[in-house]
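The sequence and structure are shown first.

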Amino acid sequence: MWKIKQIFDGDFGCEELALGERPKVSVTLENEEGQTKLVSVEDAWLSDNGLNVGDAWPMQGILS
């Protein structure tokens with residue numbers, strides 16, 4: 001199982017989003033063996049799903 005280890009919002013206000021693009025964050029995931037993966041998802045998706053650091057990652061398909 002993968003858990004959220006860190007959420008990084010790299011938006012410092014200097015980059016503009018393309019029309020219709022939604023803000024994204026980088027999420028570091030870690031499994032039981034200590035392996036890590038980095039994924040990028042929309043910030044709103046994390047909020048809509050109530051996900052935060054320490055929570056289990058629900059999207060196994062995105063990790064392949």
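## Asparagine 31 and its surroundings

The side chains of asparagine 31 and glutamine 35 form a polar contact at 2.6 Å; a polar contact is a pair of N or O atoms within 3.5 Å, where within protein one atom must be able to donate a hydrogen and the other to accept it, and residues adjacent in sequence count only if both atoms are side-chain atoms. The model is predicted: local features need pLDDT of at least 70, side-chain atom pairs count only at pLDDT 80 or more, and totals for chains, interfaces and linings use all residues. Residues are numbered from 1 along each chain as its sequence is written, and side-chain values use heavy atoms, with hydrogens and water left out.

Asparagine 31 is located in the loop that separates strand E2 (24–30) from strand E3 (36–42). Helices (H or I, at least four residues) and strands (E, at least two) are DSSP runs, numbered from the N terminus. Asparagine 31 counts as buried because its relative accessibility is 11%; buried means under 20% relative accessible area, exposed over 50%, and partly exposed in between (1.4 Å probe, protein chains only). When residues up to four places away in sequence are not counted, asparagine 31 touches Met1 and Trp2, contact meaning heavy atoms within 4.5 Å.

## Salt bridges

Side chains of opposite charge can pair when their charged atoms come close. Two salt bridges are found in a search of the whole structure, a salt bridge being a side-chain nitrogen of Lys or Arg within 4 Å of a carboxyl oxygen of Asp or Glu. One of them joins lysine 5 to glutamate 30, with 3.8 Å between the closest N and O atoms. This pair links distant parts of the chain, 25 residues apart: lysine 5 belongs to strand E1 (residues 3–8) and glutamate 30 to strand E2. Lysine 5 is partly exposed at 47% relative accessibility, and glutamate 30 is partly exposed at 28%.

Arginine 22 and glutamate 42 also form a salt bridge, their closest N and O atoms being 3.4 Å apart. Because arginine 22 lies in the loop between E1 and E2 and glutamate 42 in strand E3, the pair ties together parts that are 20 residues apart in sequence. Arginine 22 has a relative accessible area of 42% and is therefore partly exposed; glutamate 42, at 27% relative accessibility, is partly exposed.

## Asparagine 49 after helix H1

Asparagine 49 occurs in the segment that follows helix H1 (43–48). A polar atom of the asparagine 49 side chain lies 2.8 Å from the backbone oxygen of tryptophan 45. With a relative accessible area of 41%, asparagine 49 is partly exposed.
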